[in-house]
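Please walk through this structure with me. Keep the sequence and the model side by side as you read.

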Amino acid sequence: MAEAQIVLSHSRESGIVAIASGEQYPWARTALAESGFQRDDDGVWHLPAGGTQTTVVDLVTCAKRHRASVHTSSRRFIGDAARDLARLLPGQWHASVEVYAHPAWQEDLVPWIWDSGELGRVVRSERIPYAAVLTDAEQGTTLLFVERPGRHLGYLVGAFSPEGLEGGYGDPHAPRSIVLPPFPGRAAQALTDRYLPAYEQAVHARQTSAIAGVLGDIRSEYDIWQAMNASGRYSDATPLSAAALGASTELFLDHAWRRFLTVVDHAPTLLDRCRPANSPWPGDAAALSRLADAVSDAEALVDEIVHGGAVSEQERRARAWPAIETWLTDGDAFLRQARLSAPHRRPALPVTAPARPLAAARSAYRSH
């Protein structure tokens, strides 16, 4: 493969567009600029109004001088395909184009692609010089939409990791990417009926697992702290002074609070889905109410810390612990209810959808 490439395609709105890529992509950019193309904020080059076929011929000649190869794509511009798809999805979706001109830029995607199927493998092993990102800000869903490598038609779509949850390719909770046809209506139907429900169920399972892991970690540290407090000694039997005991208590409370922020982030959505009256454990309703109150108290504390800044460490520890303790006490009730609760399915698309181509407070607090 040449060290610098230019891929030309046709956009319904912009006419001829070009994307520069390769380890020496600046050579391709120079050729495009010298040939009269103009670059937009997404990194896509456009032939301006008044440009002619002669400009494209001149580009081929100019590219040779700059050691860049020129290729014409048989597909329509990926930005058009993504926007057509976004318009047909339920909700408010936004489509944008991303250009990974240098191969190293594509590698930045690897930790964030939350997939157990073909897309995750492709991002890791195939060259993808450009893609589209589909975002539903209201639902917090972000999808990667790429041309399927090695095929003349079809696309792959999969998800980025949900906000606040780590997990890339191979995560056991990750959904499997799917192949989409080149027809926007059929593609939207496949996304809505198959992929998005599977994605939402995967997020639900991942959030539940994250909370279970956090509660397990806090409970384990709490047991160790209790044993030290009761014995007055470290785990190696060394006597524990009053000052050391106070310091270990503060350390435990600080670690527990940091971990508990995961519960604060994800529990509200899961609690809303729980229906204890319809479960084998209707008596869990009281426990879930206590857990919801505890999360609300913790959320209020976070808001005060982030926006007010007048909460001392001592006050924060004193106010946070009751919420954490409530979750340690009643967490098992939440987990069995959450595992029983399936996320709501999105509404199906109408059959009439066209089948042919159309002509951050918590984040700020954690960073401290």
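Arg-67 is found in the loop between helix H2 (53–65) and strand S5 (69–76). Helices (H or I, at least four residues) and strands (E, at least two) are DSSP runs, numbered from the N terminus. The model is predicted: local features need pLDDT of at least 70, side-chain atom pairs count only at pLDDT 80 or more, and totals for chains, interfaces and linings use all residues. Residues are numbered from 1 along each chain as its sequence is written, and side-chain values use heavy atoms, with hydrogens and water left out.

What is the phi of Arg-67? Its phi is positive, about 55°, although Arg-67 is not a glycine. Most residues other than glycine have a negative phi. Arg-67 counts as exposed because its relative accessibility is 57%. Here exposed means over 50% relative accessible area, buried under 20%, and partly exposed in between (1.4 Å probe, protein chains only).

Now take the whole chain. It holds 10 helices and 11 strands. Of its 368 residues, 46% count as buried. The chain exposes about 18300 Å², and carbon and sulfur atoms supply 52% of that area. Such areas come from the Shrake-Rupley method with a 1.4 Å probe.

Helix H3 covers residues 78–88. H3 is mostly covered, with 9 of its 11 residues buried. Among them are Ile-78, Asp-80, Asp-84 and Leu-88.

H3 packs against helix H6 (residues 184–231) at an angle of about 55°, with the axes 9 Å apart. Axes are lines fitted to C-alpha atoms, for helices over the stretch in contact, and angles run from 0 to 180 degrees between N-to-C directions. H3 and H6 are therefore oblique to each other. Oblique is what remains once angles under 35 degrees (roughly parallel), over 145 (roughly antiparallel) and 65 to 115 (roughly perpendicular) are set aside.

Which residues of H3 meet H6? They are Asp-84, Leu-85 and Leu-88. On the H6 side stand Pro-184, Gly-185, Ala-187, Ala-188 and Leu-191. Contact means heavy atoms within 4.5 Å. The residues of this contact divide into 6 nonpolar, 1 polar and 1 charged. Ala, Val, Leu, Ile, Met, Phe, Trp, Tyr, Cys and Pro count as nonpolar, Asp, Glu, Lys and Arg as charged, and the others, Gly among them, as polar.

A second pair is H8 (residues 284–308) with H9 (residues 313–340). These helices pack at about 145°, with their axes 8 Å apart. In H8, the contact includes Leu-288, Leu-291 and Val-295. In H9, it includes Ala-320, Trp-327 and Phe-334.
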